[in-house]
Amino acid sequence: MRRIAVLTSGGDAPGMNAAIRATVRYAISQAMEVYGVERGYEGLIRGTLKKMDSRSVSDTIHRGGTILKTARCPEFNTKEGREKAYEVLRAYGIEGLIVIGGDGSYRGIKDFYDDFKFPCVGIPGTIDNDLAYTEYTLGFDTAVNNVLDAINKIRDTMSSHDRACIIEVMGRHCGDIALYSGIAGGAEAMLVPEIPFDIDVLCNNMKRNIIKGKVSDIILLAEGVCDAAELKEQIEQKVPVSIRTVKLGYIQRGGTPTMADRLLAARCAVKAVDLFKKDNGARVVGIQDNKIIDMDVAEALSMERVFDKELYRIATLLAQ
Ligand code: ADP
Ligand code: F6P
């Protein structure tokens, strides 16, 4: 294959730039040409592509966000939209497409391949870590480290005032950001969508902590589990403690990517480019047991995500 394109789609994630950079530089080293598509599938439909060279990805490895910009593009969910995108790729003589994004972007790959048999490879880019076939996605490690930084700061002020704090974190339907940052940040409770929580158990644990002299509990609340303000009210009715709530929001998604995300980006990008050396259909790359793997996109999307209950059990024990 001589000419490929790369785009980022869905929510941005730290490490996307490192993946774009590695795609461009590795593909050029393999005698391929690379086009960058601006604003995800929207740019593919509108034809906003630019040829990239090694210099166009200079000074980007350490930057969060995505230099190619990203978008959510409902038009790509339609056959007509995908047809326009296909025509653009043909007009540029592009033979393969790399999509860096999450499960929605992967559904786009699947539909696009089903329609036109156009070779595509997906690189997992989302802070949510919600793709079943890969142990980690680009941006997750950085997001967790951003949450850890916030926990440390929030703990300073909460413990000075003997307050507890509910910290709401992102993750869409996945509790991994709450779970991993909860363990690493020593949170007293982690409320995740995968495990139903019992308000009485939570309050009893907090009361027990107070008796032990531990007042400033940190409760990590994954988005979508419940309303933080309502939870605060319910707890304050049962536990003699003053509570503050903090929604971390987009702070989690920005900032310089960690070593783990940059390394994963480089390894996934190299694998993705190599897949174009054979006609592999529509594939996605990821990591399992520290090995970079690839899989058919339909198979990857059909896998059910397994929440790490053992990690959750450990988290609960260590929080006591
Ligand atoms: P993420 O990739 O981070 O999960 P989204 O769910 O917003 O983000 O999906 C990104 C884009 O992927 C959507 O805006 C749309 O263009 C495309 N997409 C999502 N689902 C489909 C689908 N079923 N068919 C075609 N394209 C889709
Ligand atoms: O998928 C990444 C994510 O940051 C989720 O954690 C969150 O629910 C969502 O995107 C927020 O999306 P938006 O950028 O549209 O506000």
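Tutor: Ligand 2 sits in the largest pocket. The model is a predicted one, in which local features need pLDDT of at least 70 and side-chain atom pairs count only at pLDDT 80 or more, whereas totals for chains, interfaces and linings use all residues. Residues are numbered from 1 along each chain as its sequence is written, chains are lettered from A and ligands numbered from 1 in the order in which they are written, and side-chain values use heavy atoms, with hydrogens and water left out.

Student: Why is it said that ligand 2 "sits in" a pocket?

Tutor: A pocket is an open set of points, on a 1 Å grid over the protein atoms alone, where a 1.4 Å probe fits and protein lies on both sides within 12 Å along at least five of seven lines. A molecule sits in a pocket if more than half of its atoms lie within 2 Å of the grid points, and ligand 2 is assigned to the largest pocket on that basis. The space taken by ligand 1 is likewise the largest pocket.

Student: How do you know where ligand 2 lies relative to domain 1 and domain 2?

Tutor: Domain 1 (3-139 + 257-302) and domain 2 (143-253) both contribute residues to the shell around ligand 2, so ligand 2 lies between them; the bounds come from an automatic or database domain assignment. The residues around ligand 2, each with a heavy atom within 4 Å of it, include Thr126, Asp128, Arg172 and Glu223.

Student: Which contacts of ligand 1 count as polar?

Tutor: Oxygen atoms of ligand 1 are 2.6 Å from a polar backbone atom of cysteine 73, 3.0 Å from a polar backbone atom of glycine 104, and 2.5 Å from a polar side-chain atom of serine 105. Alone, ligand 1 exposes 560 Å², of which the protein buries 85%.

Student: Which helix gives the most to the shell around ligand 1?

Tutor: Helix H4 (residues 103-116) does, with six residues, a helix being a DSSP run (H or I) of at least four residues.

Definitions and conventions:
On a 1 Å grid over the protein atoms alone, a cavity is a set of points where a 1.4 Å probe fits but cannot get out, and a pocket is an open set with protein on both sides within 12 Å along at least five of seven lines; lining residues have an atom within 4 Å of a point. A polar contact is a pair of N or O atoms within 3.5 Å; within protein, one must be able to donate a hydrogen and the other to accept it, and residues adjacent in sequence count only if both atoms are side-chain atoms. Accessible areas come from the Shrake-Rupley method with a 1.4 Å probe; for residues, only the protein chains shown count as cover. Helices (H or I, at least four residues) and strands (E, at least two) are DSSP runs, numbered from the N terminus.
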